[in-house]
Protein chains: 2
Amino acid sequence: MLACKTPKLEAPELGRCFACLIRERGICGALSEQQLLKFKHIARHRTYRPGERILSSENAADFLGAINSGVVKVTKILADGRQQIVGLLFPPNCVGHTYGKTNAYFVEAATPVELCCFERGGFDRLSAEYPGLSRHLLDQTLKELESAQDWMVLLGRKTAEEKVASLLLMLATRAAPSHDCNGYKAPRVAEFELHLKRDEIADFLGLTYETVCRQIAALKKRDIVRFSGTRRFSVPDLEPLATLAG
Amino acid sequence: MLACKTPKLEAPELGRCFACLIRERGICGALSEQQLLKFKHIARHRTYRPGERILSSENAADFLGAINSGVVKVTKILADGRQQIVGLLFPPNCVGHTYGKTNAYFVEAATPVELCCFERGGFDRLSAEYPGLSRHLLDQTLKELESAQDWMVLLGRKTAEEKVASLLLMLATRAAPSHDCNGYKAPRVAEFELHLKRDEIADFLGLTYETVCRQIAALKKRDIVRFSGTRRFSVPDLEPLATLAG
DNA sequence: CGTTGGATTGATATGTTTCAAGTGGAGTGG
DNA sequence: CCACTCCACTTGAAACATATCAATCCAACG
């Protein structure tokens with residue numbers, strides 16, 4: 001992975017930033033080297049194990065964290081325990097925008113996760129100086145909003161089969177570009193990681209885990225997806241999957 | 001309405017902005033009078049009738065519009081015609097962030113709508129000078145994202161009864177503060193406007209319009225809401241409604 | 001007074017959930 | 001190396017909520 005980082009002349013003080021996997025694509029991409037240096041001073045690296053809580057409504061965020069690696073899931077919960085995953089975040093996106101209090105929520109690591117965290121006060125102070133940064137954050141948030149809206153269509157209007165197909169399609173198509181680096185294209189029929197357990201998938205799709213099981217089983221039987229084990233799958237041909245996704 | 005605008009000393013050139021209903025709360029709230037003047041030069045007032053298309057995926061937005069009055073709905077559509085309302089926008093929010101092309105969408109007036117529109121290029125050029133503006137837009141977008149996520153919980157996990165109750169509750173609670181002005185409190189048992197037709201409500205809640213009808217009828221029978229006509233309602237007591245909303 | 005578009009109500013069909021039982025693999029300890 | 005346990009996953013049958021299909025109803029309007 002590190003091997004494909006573009007070597008560039010950078011201030012040696014940048015240290016870890018120099019090797020950062022999301023240096024170009026993340027929020028830091030909006031910064032010059034001098035600016036980056038200032039941010040580095042308030043940055044702190046954190047790691048989380050799968051399932052570990054990153055923040056929640058009881059435990060408000062005092063930091064903004066850029067995801068270096070791993071997958072983060074955001075879950076909202078109703079009073080009686082029903083829950084809905086309202087977002088999956090991948091590198092180079094950010095966690096830590098504070099949410100309101102309409103519903104309780106929590107943010108946790110779905111896989112091993114590395115964050116680059118900025119203490120909120122310091123970040124806001126610095127970002128006021130660099131307009132490009134909040135512009136960048138705005139773009140990122142708009143993209144999140146758009147995915148949220150697409151997911152609303154899925155939740156409100158798609159059938160169970162379409163929901164499952166959509167999820168697999170989403171993972172298959174979005175996993176691809178994240179695995180290539182500087183133009184390297186992953187082979188067509190790659191294996192993709194299903195980062196979630198069956199009940200998490202259910203919470204993402206607004207179904208029960210039994211229904212998820214049955215739908216996955218049906219897709220396997222029709223050879224539209226192939227599973228090795230329970231969490232890795234490949235897609236022989238994207239087209240029929242895309243058709244089913246609606 | 002105009003009567004409750006706080007009179008303030010402002011540059012006379014501001015003209016329409018002087019009387020703008022969302023001057024304080026909208027994006028212009030982030031601007032000084034001098035800055036506002038520059039924006040006024042590229043601003044254009046537009047009005048739309050109920051049902052009129054404001055923009056869509058075929059007809060990409062070349063402007064950003066702050067909603068002065070009225071309600072705007074954003075709808076996404078699947079290839080086979082199923083549709084889902086993914087957002088209702090009220091003053092002083094903005095329309096015109098371009099969306100991607102995952103799903104076709106359109107944005108239209110749900111009621112008579114007034115927009116204050118900024119041609120995109122000019123707006124971006126000016127906003128680069130005023131960092132407060134994209135910060136403001138970011139905050140607004142984060143709020144939209146949060147409502148979208150709350151709606152995902154509703155779509156994915158709530159029952160038909162809870163969905164309808166949630167919508168009525170949302171309109172009742174969010175309509176209240178928008179009707180008072182400078183601290184004036186609306187009377188406790190006010191009438192609220194249901195800006196949408198039954199089938200639009202259905203598209204908003206991920207139901208069929210028959211189901212919406214039945215659920216509304218059930219709420220009426222239990223005297224949890226009272227309808228006058230088909231589009232106006234009052235809530236004798238918010239508590240039972242809130243309980244049903246889940 | 002007929003027409004029209006939205007809203008309502010009823011009967012039936014169906015997809016998904018619920019409840020319940022069973023499988024299979026990974027890890028553990030004898 | 002083999003039971004044993006645990007946890008995630010799978011599968012089946014029955015129950016249920018919502019969708020679908022089909023009549024009306026009703027108010028607005030020309």
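Q: In which helix is B:E162 found?
A: This is a predicted model, in which local features need pLDDT of at least 70 and side-chain atom pairs count only at pLDDT 80 or more, while totals for chains, interfaces and linings use all residues. Residues are numbered from 1 along each chain as its sequence is written, chains are lettered from A and ligands numbered from 1 in the order in which they are written, and side-chain values use heavy atoms, with hydrogens and water left out. Helices (H or I, at least four residues) and strands (E, at least two) are DSSP runs, numbered from the N terminus. Residues 160–179 of chain B form the helix that holds B:E162, namely α4.

Q: Is B:E162 buried or exposed?
A: Buried means under 20% relative accessible area, exposed over 50%, and partly exposed in between (1.4 Å probe, protein chains only). The relative accessible area of B:E162 is 10%, so this residue is buried.

Q: Which residue has its backbone nitrogen 2.8 Å from a polar atom of the side chain of B:E162?
A: A polar contact is a pair of N or O atoms within 3.5 Å; within protein, one must be able to donate a hydrogen and the other to accept it, and residues adjacent in sequence count only if both atoms are side-chain atoms. The backbone nitrogen at 2.8 Å from the side chain of B:E162 belongs to B:T159.

Q: What relative accessibility does A:L78 have?
A: A:L78 lies in the loop between β4 (72–77) and β5 (83–89) of chain A. Leaving out residues up to four places away in sequence, A:L78 touches A:N103 and, in chain B, B:V153, B:R157, B:K158 and B:G246. A:L78 counts as buried because its relative accessibility is 5%.

Q: Where do the buried residues of helix α2(A) lie, seen down its axis?
A: The buried residues of α2 (residues 120–129) of chain A are A:G122, A:F123, A:L126 and A:S127. Seen down the axis of α2(A), they fall within an arc of 125° (taken from the directions from the helix axis to the C-beta atoms), so they line one face of the helix.

Q: Which exposed residues does the face of α2(A) turned away from the buried side carry?
A: The buried residues of α2(A) pack against α1 (33–42), β3 (63–69), β8 (113–119) and α3 (131–157) of chain A. The face turned away from that buried side carries A:R125 and A:A128.

Q: Which residue caps the N-terminal end of α2(A)?
A: The cap is made by a side-chain oxygen, 2.8 Å from the backbone nitrogen of A:G121. That oxygen belongs to A:E119.

Q: How are the rings of A:F118 and A:F123 paired?
A: Rings of Phe, Tyr and Trp (its six-membered ring) pair if their centres lie within 6.5 Å; planes under 30 degrees apart count as stacked, over 60 as edge-to-face and the rest as tilted. The structure holds 14 aromatic pairs over all chains. The centres of A:F118 and A:F123 are 5.6 Å apart and their planes stand at 45°, so the pair is tilted.

Q: Which residues do ring pairs link into a cluster?
A: A:F118 and A:F123 are both buried. Ring pairs link them into a cluster with two others, A:F39 and A:Y130.

Q: How many residues apart are A:F192 and A:F233?
A: The ring centres of A:F192 and A:F233 are 5.7 Å apart and the planes stand at 55°, so this pair too is tilted. The pair links distant parts of the chain, with A:F192 in strand β9 (residues 191–193) and A:F233 in strand β11 (residues 232–234) of chain A; the two residues are apart by 41 residues.

Q: Over which ring does the charged end of B:R46 sit?
A: A charge sits over a ring if NZ of Lys or CZ of Arg is within 6 Å of the ring centre and within 35 degrees of the ring normal. The charged end of B:R46 is 4.4 Å from the centre of the ring of B:F63.

Q: What is omega of the cis peptide bond that joins B:P91 and B:P92?
A: B:P92 is in the loop between β5 (83–89) and β6 (94–95) of chain B. In chain A, a cis peptide bond joins A:P91 and A:P92, with omega about 5°. For B:P91 and B:P92, omega is about 0°.

Q: What average pLDDT does chain A have?
A: pLDDT is the predictor's confidence in each residue, from 0 to 100. It stays under 50 over residues 1–9 of chain A, and also over residues 177–187. Where pLDDT is low, the predicted coordinates should not be read in detail. In chain A, 89% of the residues score at least 70, and the average is 86.

Definitions and conventions
Contact = heavy atoms within 4.5 Å.
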